[in-house]
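Please find below my note on the model under review.

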Amino acid sequence: MGRDSLDSISDSTGLWLTLSSCAGCMAIVAAVSWRMARGSSGSSEGYFLAGRGLSGIFIAGSLLLTNLSAEQLIGLNGSAYGYNMSSMAWEVTAAISTIVMALVFLPRYLAGAFTTLPEFLKSRYDVGVQQMSAMLFLLGYGLVTIPSVLYSGSLAVMKIFDVPQLFGVGEFVALVMMVLVIGLTGAVYAVFGGLKAVAVSDTINGIGLLVVGVLVLVLGLIAIGGGTFMEGLTRLASDHPEKLNAIGAPDDPTPFGTIFTGMLIANLFYWCTNQYVIQRTLAAKSLAEGQKGVLLSGFFKVLVPFLMMIPGIIAYHLYGPGLSTIDLAYPALVRDLLPVWLMGVFLAVLLGAVFSSFNSLVNSAATLFCLDILPAMRGRSLAERHVVRAAKWASGVIALLSFAVAPLLYFAPDGLWQIIRIFTGFYNIPIITIVLVGLFTQRVPAIAAKLVIVFHLIAYGLAKFVLDDVITIHFLHLYAVLFVIELGIMALCTKFRPRDRPLSPANGPKTDMTPWRGAIPTAILLTSLVAATYLLFSPIGLASGKLDTAFWSIIAALAAGNLLAALWHRTRTRQSAVRKI
């Protein structure tokens, strides 16, 4: 199970080679990031929004690395090894949410030149809603999300490289060491670099993640094929085809029905309203560039099952069901497949993914504190130089808090995923509810949003901690139930206490608001790829052991539909141009 490879890392030469190649890769990323971000963080807009100058490629790269971290590498591959492909729903269906973000949410955000989501809620409701939502984000980020990212990244490095054995220390001590090393290094980007440094480093590390992901996949297929890539593909498709089924049963990690209830709402929250994700899109230099970046990130999400779940199934072919825990599947594969000189590159990429999520969260938490909380505490707005200074101090304090909380997750009785799942539920549903209503209505009062936030905290807390023996439905279905109830609360408030007058227009845009002409056909293509991916990993696709006529017929229909949509859009664009002339 990778012991020979691990032993080669453990000897002094192998360890030196691994660490030096890792340090070299990280130094290159840091140098390029510093050079490209130099002088961009002197103002608050530069520090928080990269001067509103991010292009589509940097937005996509940063979104990719912000979203993908060690917990996906370990968790998704482990799920595929232990169960099947059903957990790909979290990644693949997120592509639909990127479409909604690009076409619906982003134009409205950029039209108001907002820096934070609570700032949008202030313009739509009032200052009270702004502060309540900012506090929800800060508590969620500071106590759960940032520590969990730091913990999972440290745990992944510790498992893959067997840090306790390398340094002769206990497991918890090794974990604390990794938390401090990873956290301190990541905090340098977040505190001193601002958003542009984070976005540039994310993009470079994102390319590295894709390259290493493809390499592990290819080497894994060659391994199960007895040295032949094509034979490996054949074995993957024919042996244990049930592993390739993404249509989750009720007892699978992600039942298929949840895609159409709570998962849809959770993904909309994450991709359309979660501050640390959307902050990159708010920094777009134009609406067109923002749409390109968001939609490109959607294509990356469709690739995730191939790069972060198929290796888990390859591990099942190589090791069988005998691993002591499913989370060892990817670490074992990496140890066995990658030569020692590449382990340093892999370590750099893994750390880059962890840094990305950590940096993004710390930067966004500092943004929320300085722009949404601190002015209310001081009773006035701060000068530019004071805002940036306060942001750096806030980033440092938040990072230190995460260093203290992260190791404590080691003692969580129900595991990391359970903690993330439970505590994210305290703020994701009320936020997406009040944002959706705020975007599409004019008369809903601020009291409705406040009632929804308070109701959700009480109702969700009771459901998860008091009535959990009675309310036994899947947590994603619970999300959907609460979402519908909270929409009803807002509707009742509007009926009995509507706003006296419609809202005044928000601040004008600070970027070019011309939409990207290719957004619609790209969105159609992306939707088709989501459908095709589910068809591929279904009982009429690879899960049956072969690709039959029904599969190819539906794929042909999807291709024809995309071609017709592209022709229609091209004709419509030409007609519109003629009318303008």
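1. Helices (H or I, at least four residues) and strands (E, at least two) are taken here as DSSP runs, numbered from the N terminus. The model is a predicted one, in which local features need pLDDT of at least 70 and side-chain atom pairs count only at pLDDT 80 or more, while totals for chains, interfaces and linings use all residues. Residues are numbered from 1 along each chain as its sequence is written, and side-chain values use heavy atoms, with hydrogens and water left out.

2. Overall composition. The protein chain has 25 helices and 0 strands. Of its 581 residues, 57% count as buried, where buried means under 20% relative accessible area, exposed over 50%, and partly exposed in between (1.4 Å probe, protein chains only). A contact is a pair of heavy atoms within 4.5 Å. Among the contacts in the protein chain with a separation of 6 or more, 85% are accounted for by residues 24 or more positions apart.

3. Helix α13. The buried residues include Met263, Ile265, Leu268, Phe269 and Trp271.

4. Packing of α13 on α21. Helix α21 covers residues 428-440, and α13 packs with it at an angle of about 75°, the axes being 9 Å apart. Axes are lines fitted to C-alpha atoms, for helices over the stretch in contact, and angles run from 0 to 180 degrees between N-to-C directions. The two helices are therefore roughly perpendicular, given that angles under 35 degrees count as roughly parallel, over 145 as roughly antiparallel, 65 to 115 as roughly perpendicular and the rest as oblique. On the α13 side the contact is made by Ile265, Leu268 and Phe269, and on the α21 side by Asn428, Ile429, Ile431 and Ile432. These residues divide into 6 nonpolar, 1 polar and no charged; Ala, Val, Leu, Ile, Met, Phe, Trp, Tyr, Cys and Pro count as nonpolar, Asp, Glu, Lys and Arg as charged, and the others, Gly among them, as polar.

5. How many salt bridges does the structure hold? There are 4, a salt bridge being a side-chain nitrogen of Lys or Arg within 4 Å of a carboxyl oxygen of Asp or Glu. Side chains of opposite charge can pair when their charged atoms come close. One of the salt bridges joins the side chains of lysine 301 and glutamate 91 (2.2 Å, N to O). Lysine 301 lies in helix α15 (residues 287-308) and glutamate 91 in helix α6 (residues 89-92), so that distant parts of the chain, 210 residues apart, are linked. Lysine 301 is buried, with a relative accessible area of 2%, and glutamate 91 is buried at 6%.

6. Salt bridge between aspartate 126 and lysine 450. The side chains of aspartate 126 and lysine 450 also meet in a salt bridge (2.9 Å, N to O). Aspartate 126 is in the loop between α8 (117-124) and α9, and lysine 450 is in helix α22 (residues 446-465), so this pair ties together parts that are 324 residues apart in sequence. Aspartate 126 is partly exposed, with a relative accessible area of 22%, and lysine 450 is partly exposed at 24%.

7. Salt bridge between arginine 235 and aspartate 239. The side chains of these two residues meet at 3.0 Å, N to O. Arginine 235 counts as partly exposed at 29% relative accessibility, as does aspartate 239 at 27%.

8. Valine 129. Is this residue buried or exposed? Valine 129 counts as buried, at 0% relative accessibility. Valine 129 is placed in helix α9 (residues 127-161). Leaving aside neighbours within four places in sequence, valine 129 is in contact with Leu121, Ile434, Ala446, Ala449 and Lys450. The C-alpha atoms of valine 129 and glutamate 119, 10 residues apart along the chain, are separated by 9.4 Å.

9. Cysteines. With a disulfide defined as a pair of cysteine sulfur atoms within 2.5 Å, the count comes to 0. Cysteine 25 is in no disulfide, and the nearest cysteine sulfur, that of cysteine 22, is 7.0 Å away. Cysteine 25 is partly exposed, with a relative accessible area of 26%.

10. Cysteine 493. This residue is in helix α23 (residues 475-496) and is buried, with a relative accessible area of 13%. Not counting residues up to four places away in sequence, cysteine 493 touches Pro445, Ala448, Leu451 and Pro498. The C-alpha atoms of cysteine 493 and alanine 446, 47 residues apart along the chain, are separated by 9.4 Å.
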